[in-house]
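Please walk through this structure, starting with the ligand and moving on to the domains and the helix pairs.

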Amino acid sequence: RKLGIALVGLGNYATNQLAPALQETEKCYLAGIVTGTPSKAAAWKRKYNIPDQNIYNYETYDQIADNPDIDIIYVVLPNAMHAEYTVRGAQAGKHMISEKPMATSVADCQRMIEACNKSNVKLSIGYRLHFEPHNLRVMELGQQQVYGPVQRIEAADSFVMSGNPDRWRLDKKLAGGGPLMDLGIYCVQGAIYTMGQTPTAVTAKFGEVTRPDFFDEVEQSIDWQMEFPNGAVADCTTSYNKDQNLLYGKADKGWWRLQPAYSYSGIQGETSAGPMNLSNVNQQARQMDAFAECILENKTTRVPGEMGLRDVRILEAIYEAARTGKRVEIKV
Ligand code: NAD
């Protein structure tokens, strides 16, 4: 049996990545939607052949509890809304996926984990790169110490934000922060899955605000360093006013570089021994199939709520370091 997924929040990512990916999945399918916009409900119903009884809005959301077609709810809303919709979905007895960042505070992450534990449902975070061949190779190179112990990591993820500044990503209440919450989280993830270790301390500095019309609530850019238990350091940067997409690692006897590293497709990898020659895959399809498999076979997900919580704790430490100018230790 294929498990039924309901997507909550039919914005860019749900529309252009997740719904198409769900046409390629083998263990799960697009069974339902939750949207506040009736015209989107009608368009999705037509396009994906979704039955009326599987279409919800934010008022009827909790009634999903009574719907046996829906096994998994995938929350694709603005960051600050992940917690509420994950907790309510868990209370409705459904397995949950929350997009990244898991939430905008450690306390919210903890609430989400508790709600899923209490309802005995699984919780996973939309960390698609754990299912991407080049990033998986980096995990192997770093964690298996193929070129010896890792000494240094560089990670950068940035894009130039243009258009209308009136959007949730620039609204601190909904986004929780700026590019660090949205893009920098990929650098935090990349460094940690290269090392196979969690950083013990961070230092950080906000960049200059050159576009105050956009960045009056959230940072425009931030640079930070993460220190790892073995002495390795990750130098990271993220900005909404640059184009960067890099994960580089240097070990005693070699190096590797993904560039772009975090894209949906077109990821390219190279090591000191030559090009990686790996294929690009549909990351979201693999991610959702892997979660469906965990449910069907009662296995633990590679990207659990605890990982989302760990990362939000690190993001909070980075913001604290940037605000105070001090080195902030991370206690896990
Ligand atoms: P988006 O703005 O395109 O979509 C957000 C959706 O939420 C819209 O459909 C909007 O109508 C709905 N919404 C409901 N209540 C809202 C409110 N109060 N304010 C604003 N919108 C509201 O955003 P997106 O790019 O699809 O991002 C959604 C989530 O997915 C974010 O958490 C983001 O970090 C995550 N995301 C993850 C990836 C990834 O690669 N894993 C990529 C893109 C986005």
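A residue is taken to be near a molecule if its C-beta atom, placed from the backbone, lies within 6 Å of it. The model is predicted. There are 18 residues around the ligand, and Gly9, Gly11, Asn12, Tyr13 and Glu99 come nearest. By class, this shell consists of eight nonpolar, six polar and four charged residues. Helix α1, which covers residues 12-21, gives the most to the shell, with three residues.

The protein chain is divided into domain 1 (3-128 + 287-295 + 299-304) and domain 2 (132-280 + 309-329). From each of domain 1 and domain 2, the shell around the ligand draws at least three residues.

Next comes the contact between the domains. The C-alpha centres of domain 1 and domain 2 are 26 Å apart. In their contact, 15 residues come from domain 1 and 16 residues from domain 2. On the side of domain 1 that touches domain 2, α4 gives the most, with four residues. That side of domain 1 has nine nonpolar, four polar and two charged residues.

Helix α4 (residues 106-118) also packs with helix α3 (residues 82-91). Two packed helices are described by the angle between their axes and the distance between the axes. For α3 and α4, the angle is about 10° and the axes are 8 Å apart. An angle under 35 degrees counts as roughly parallel, and α3 and α4 are therefore roughly parallel to each other. On the α3 side, the contact is made by Ala83, Thr86, Val87, Ala90 and Gln91. On the α4 side, Asp108, Arg111, Met112, Ala115 and Cys116 make the contact. The residues of the contact of α3 with α4 divide by class into six nonpolar, two polar and two charged.

The crossing of α7 and α9 is right-handed. From α7, the residues Leu180, Met181, Ile185, Val188 and Gln189 meet Asp311, Ile314, Leu315 and Ile318 in α9. Seven nonpolar residues, one polar and one charged make up the contact of α7 with α9.

Conventions. Residues are numbered from 1 along each chain as its sequence is written. This is a predicted model: local features need pLDDT of at least 70, side-chain atom pairs count only at pLDDT 80 or more; totals for chains, interfaces and linings use all residues. Helices (H or I, at least four residues) and strands (E, at least two) are DSSP runs, numbered from the N terminus. Ala, Val, Leu, Ile, Met, Phe, Trp, Tyr, Cys and Pro count as nonpolar, Asp, Glu, Lys and Arg as charged, and the others, Gly among them, as polar. Domain bounds come from an automatic or database domain assignment. A crossing is left-handed if the near helix is turned anticlockwise from the far one by less than a right angle, and right-handed if clockwise. Two residues are in contact if their C-beta atoms, placed from the backbone, lie within 7 Å. Axes are lines fitted to C-alpha atoms, for helices over the stretch in contact, and angles run from 0 to 180 degrees between N-to-C directions. Angles under 35 degrees count as roughly parallel, over 145 as roughly antiparallel, 65 to 115 as roughly perpendicular and the rest as oblique.
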